[in-house]
Amino acid sequence: MKPKKIKEGVFWTGAVDWDRRLFDALIPLPDGTSYNAYLICGTEKTALLDTVDPSMTAVLMSHLEDVKSIDFIVSHHAEQDHSGALPIVLDKYKNAKVVTSPKGKPMLIEHLHIQDDRIITVNDGETLSLGNKTLEFIHAPWVHWPETMFTYLREDKILFTCDLFGSHLAASDIFYHEYWKVCEASKRYYAEVMMPFRTTIQKHLERIKKYEVSMIAPSHGPVHKDPKCIVGSHQEWVSDNVSNTVVIPYVTMHGSTQVMVDYLAEILSDNGVQVEKFNLSVADTGKFVMALVDAATLVIASPTVLSGAHPVVVSAVFLTNALKPKLKFTSIIGSYGWGGRMVEQITGMLSGLKVEILAPVVVKGQPVKKDFEALETLASEITNKHKENKIYRI
Ligand code: FEO
């Protein structure tokens, strides 16, 4: 995609990565991604906001081919998918200074070996004039790292938010208008990247209310011409509201755990509780964590392998604990052949969640009548907990 004018004197100069399928060697990217950089040309100075992933440096440099001078390169975030091309850009524009937060400076030096004297730091609320355009810097720690910040372009009312409000979505149009698809990609992105910072984002959303914003330009995915939609979605995701939903990630080896999962899911459904099942052996991790954004309850289902939970379940539990979804209740179901400490192992891995743990149901071999009754009891308990807590929304 060629550079795109998004407002007078403001250009998208990023790179679309249609083929990338994994981020952080962990996160599936079914729709690719983009690394958005923006060039702002004032009457006196020129600023580049962020760069691109190192793998896409050539694309960025081709966009800058006719740009004679850059005075400032704003680095909102030191993570390499935005800062990775900095050394090459600095090499071309010998007088350019990197503008970043005080916490960003040491990170850029450590991660990219940027020279100390090429970096200037800006405080929260500080401004930088480009002539007829003014950049206001807003410190926004922990979206996604401690050094992250936003830039508000005052005259054009554009808020550049780097990772926040982003989506892993490759598109040929920077103003991609299939909103349902943007919303789905944004939710996947929020779940995988931003969910651990939910309470911090609540505060940032409050802070940006004082700005009149006509456009939000994140560093991944489409630019939002109607900020109300994306901001509204985030307000809902970071709120304390949960839905009348039970998420069941599971693995089955010889079918016993599958029978239990299906039985529990059926009763919950009959009780009016929505169920989202994820067979982790084949499930898209992104879909699983998206379901965790709103769900009230998580039921982890695992067979016992040797003395503990199935390793694939262990991985999903570890990820869930790290992402800190706003779950209210959890339980564990599963099976074993001769013994083991599967329940103790899983509960020991959930220290990051503020959840009430409901009595697990673990059976030896194939479930029998008393085991199905125990699952019915668990389903009733979950249903009642949802009702007692007025969790009706699906
Ligand atoms: Fe898109 Fe935290 O980097």
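Two strands are said to pair if DSSP finds at least two bridges between them. Strands (E, at least two residues) and helices (H or I, at least four residues) are DSSP runs, numbered from the N terminus. The structure described here is a predicted model, in which local features need pLDDT of at least 70 and side-chain atom pairs count only at pLDDT 80 or more, while totals for chains, interfaces and linings use all residues. Residues are numbered from 1 along each chain as its sequence is written.

The chain is divided into domain 1 (4-238) and domain 2 (247-381), with bounds that come from an automatic or database domain assignment. The C-alpha centres of domain 1 and domain 2 lie 38 Å apart. Eleven residues from domain 1 and twelve residues from domain 2 make the contact, where two residues are in contact if their C-beta atoms, placed from the backbone, lie within 7 Å. On the side of domain 1 that touches domain 2, the elements giving two or more residues are β5 (27-28) and α5 (179-194). Of these, α5 gives the most, with five residues.

An open sheet is formed by five strands in the order β12-β13-β14-β15-β16, with mixed pairing. The edges are held by β12 (127-129) and β16 (215-218), each with a single partner strand, so one side of each is left without a neighbour in the sheet. On average, neighbouring strands of this sheet are turned by 20° against each other, direction ignored; the axes are lines fitted to C-alpha atoms, for helices over the stretch in contact, and angles run from 0 to 180 degrees between N-to-C directions. β12 and strand β13 (residues 134-139) run antiparallel and are joined by three bridges. Within this pair, Leu-128 has Leu-135 in β13 as its bridge partner.

A parallel pairing is found between strand β17 (residues 243-250) and strand β18 (residues 274-279), over six bridges. Here Val-247 has Glu-276 in β18 as its bridge partner. Together with helix α8 (residues 256-270), β17 and β18 make a right-handed β-α-β unit: with the strands pointing away from the viewer, the path from the first strand over the helix to the second runs clockwise.

Burial is judged by counting other C-beta atoms, placed from the backbone, within 10 Å of a residue's own: 20 or more make it buried, 12 or fewer exposed, and values in between partly exposed. In helix α4 (residues 104-112), the residues Gly-104, Lys-105, Met-107 and Leu-108 are buried. Seen down the axis of α4, these buried residues fall within an arc of 165°, so they line one face of the helix; the arc is that of the directions from the helix axis to the C-beta atoms. Their cover includes α2 (80-83), α3 (86-92), β10 (97-100) and β11 (119-121).

Most residues other than glycine have a negative phi. Just after α4, however, His-113 takes a positive phi of about 60°. Asp-50, in the loop between β8 (46-49) and α1 (57-63), has a positive phi of about 65° and counts as buried because 25 C-beta neighbours lie inside 10 Å. Lys-390, in the segment after α12 (369-388), has a positive phi near 55° and counts as exposed, with 8 C-beta neighbours inside 10 Å.

Val-293 lies in the loop between α9 (285-292) and β19 (295-305) and is buried, with 22 other C-beta atoms within 10 Å. Leaving aside residues up to four places away in sequence, Val-293 touches Lys-187, Tyr-190, Ala-191, Met-195, Trp-237 and Pro-325. Val-293 and Lys-187 are 106 residues apart in sequence and 8.1 Å apart in space, C-alpha to C-alpha.
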